[in-house]
Amino acid sequence: MTISAILFLLVLLAAFSFFMGRQKVHAVYLKQRQNSDLDVRLRVKFTLPKYFGYVAALWSLVPALLVLMVIEIVDEPIITKQLTNYMVQSNINIEENFDLYLNEIQNLDVNHIEGIDPAKVKVFEKFSDLNSIASTAKSVVVLALAILMTVFGLKKITVDLPARQYFEKAIEIILLLAASIAVLTTVGIVLSVLFESIRFFGEIPVVDFMFGTQWSPQTAIRPDQVGSSATFGAVPLFIGTMLISFVALVVAVPLGLMSAIFLSEYASSKFRSFAKPVLEILAGIPTVVYGFFAALTVAPFIRQLGESVGLSVASESALAAGLVMGIMIIPFVSSLADDVISAVPQSMREGSLGLGATKSETIIKVLIPAALPGIVGGVLLAASRAIGETMIVVMAAGLAANLTVNPLNAVTTVTVQIVTLLTGDQEFDSAKTLAAFALGLMLFLTTLVLNVIALYVVRKYREQYD
Amino acid sequence: MINHNSITQKVERSLKKRYLKEKLFKAMGFASVSVAFLFLLILVSDITIKALPAFVQTQITLEIELNTEKLGINQNSTTVEIKQADFRASIRDALRKQFPDVKKRTQKKDLYSLVSIGAEYQLRDLVLENRAYLGTTKKLSFIADDDVDALVKGVIDRKVEESARRIKNFKLGLIEDLEKNGQIEKTFNWSFFSNGDSREPEIAGIKGAVMGSLYTLLVTLLMTFPVAVAAAIYLEEFAPKNRMVDFIEININNLAAVPSIVFGLLGLAVFINFFELPRSAPIVGGIVLSLMTLPTIIIASRSAIKAVPPSLREAALGLGASKMQTVFHHVFPAALPGILTGTIIGMAQALGETAPLLMIGMVAFIVDIPQSVADPATVLPIQVYLWADSPERGFLEKTSAAILVLICFLIAMNAIAIYLRKKFEKKW
């Protein structure tokens, strides 16, 4: 029986238990509600009959589903084990990789087994046998359990059962599970990048990766070619990432901060209600659009500009990518700065103005120092965003790992390398693809540290004025 | 007394300078906002200008003789037989008939390359629809090659000297002859919206990418919305104050700031390599994007739930509703508009996301339009990325047009979100 058939039957059974459970208490419920004794009357009023139905349905559904899930997870390894045992017993040896062999067996067609190695056919027949046994056993066990639990659940249902409380507890557990998915995701991220990174560091020493200044992940096809062995020194990538992020922050922080100050302290409410959404649009434009714009419009423009004053500018200069990225994170900085500046108590503003300071003096000498921790937190968050930004740099920054801090040269970044290492068609286990995960680990750790510090600083700052 | 006066004088003397500084400061603020606006304006107009030619298509009208003997088919032929017939020859015959003087091989090559490679399929589909055309001679329009298209639109300048021009004099002469005969016309480019991707810019369309985006978003929505709402309700209404809940909250806030490409690595390692789900499929893309948008929607839903006034809860509790009934019967419906707004904004973010989908192989070149969530597909932003990387000049306008379509979708989604917020927003 297929999984969907089992699930369908389970749902049918649950519906049946719901009606039976509800029916079971319904008559008693109606009778007790008309009871002259107030105590009895009150007791039933706390629990509607449908809750008994829900509890009955949960009884028939949940244990069966859990068992089904466990069986689904363990059945494949067990079948494989049985098959291996069988092969050892009947002296069938295979030269090829066992996984590949298994795959072949699984994909054999029942109707076209003529002309295939008889040993293989035998294994295939055994495999089909095992599979059908497993499938039957699965259906029998799950459905039997469901029926058993239905009977048991219906038996337990009496009018005195605190059915609503049970049901609500079950819902609360489901809600908690939903909330825990975020934790599960984090664990998934950590495990997936960590495992592959550990494998990578098994081949390439950590020190070479962290402090090496030569990045050329291409392995030559013939061993005597130039640069035959790949080197994974990530320093040029780190420097490149920092350079582009720095350019972006140099653009975004002053512009974002001044925009926030202007909009919150100077602009009329009419202008503000128009300007704020327009600024938000900048954050809503997909990054691939910025990348296209940076590569095709801004970079050639900067190149021409540089040439007209006699500077040689690379066509994929860090400046172009950083500039466009900076514009992208303006709304990010400005909305955070807006938040923290408006959190400064009004009394501080009024105190300064009352002593005769002009508006700008109040802002520079009172508001910004008071809001500084919050602003720093915002800048850190913006930096983490700039470091992790991918599409702009993939499209507008270069691929060559140059170790330079000149923004007019082409540099490459961590994210660019992750994309280039993983989008080709290559073996998943090569050092090249594993290197991408090591870079991913670095990226994740850096942004994590920045985020944690920033969130902590912002929270502490908020508490200060609460 | 004297002291007092001198201070007043000092202050008065400095006033002018201070007011100037004030004005300067304000001007700087205004300039910052203006720079951001200006950039937005340049970005949008640059892309729009580049995109406009893509919505126009050059067609060449030719007199095609659908000779049943040459094609080897007739009106009673099966679909398979018609699909195998050599329609390219018919188009070439028509071109040769129009220009009988063209004899040299290289010149013939130029002649044949006036129409797109896709023209024969265009003709085939036309014949499949109207079998009565077989055996007759018809005037039919075909998509022009991208170079011809560029020349007619004026992207390739005719006045540039021959060596620097992509279209040489001979071909230019052919095109001008056709123009004189009125055989070249410009029509609205419907095929851009109905075709899949192609290596030929003139027949490449975005339908495949739009459908891919649609399937991906569908998966994302179905996976994120229930989980995000459940999580938000738990954290706002039921969560006790303890370490575990704190840990969950920190996790959610952190996930919201994790670079999107890291989610792509997660998808690659877990869903593709471990669970062996199909590569390039919208289902995997949808799962990855739903993990990515989950924190956004949880945070938005939480603030929507928080905005529901406590009096509503207290009234329900006071009338004897249980905590669960209060939440699901009263708080959740009241918070729903806010939750929906947050969800739509999260979906818009997912629609524009590129990097994580690159990691799970949605970057492949796919001509067919996906029919289900398990078919290999690409999405709009990745289509933009792929076209932006293509060397053919014709893809430049296609890329910009795809961006325009993407931005239109985003604007529509955000407009719906704003409308919902305006319509259902309650001041408690």
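Domain bounds come from an automatic or database domain assignment. For chain A, that assignment gives domain 1 (3-161) and domain 2 (215-465), and the C-alpha centres of these two domains of chain A lie 51 Å apart. The model you are looking at is predicted: local features need pLDDT of at least 70, side-chain atom pairs count only at pLDDT 80 or more, and totals for chains, interfaces and linings use all residues. Residues are numbered from 1 along each chain as its sequence is written, while chains are lettered from A and ligands numbered from 1 in the order in which they are written.

Now let us see where the two chains meet. Here 66 residues of chain A are in contact with 65 residues of chain B (contact: C-beta atoms, placed from the backbone, within 7 Å). On the side of chain A that touches chain B, α6(A) gives the most, with 20 residues.

Next, find helix α11 of chain B, residues 243-255 (helices are DSSP runs of H or I, at least four residues, numbered from the N terminus). Its 13 residues reach 18 Å from first C-alpha to last, close to the 18 Å expected at 1.5 Å a residue (1.5 Å times one less than the number of residues).

Which residues of α11(B) are buried? They are B:I248, B:N251, B:I252 and B:L255 (buried: 20 or more other C-beta atoms within 10 Å of the residue's own; exposed: 12 or fewer; partly exposed: in between; C-beta atoms are placed from the backbone). These four share one side of α11(B) because they cover an arc of only 95° around the axis (taken from the directions from the helix axis to the C-beta atoms). On the other side, B:R243 and B:D246 are exposed. The cover over the buried residues of α11(B) includes α6 (163-203) of chain A together with α13 (282-306) of chain B.

Methods:
Helix = DSSP H or I, 4+ residues; strand = E, 2+ residues; numbered from the N terminus. Contact = placed C-beta atoms within 7 Å.
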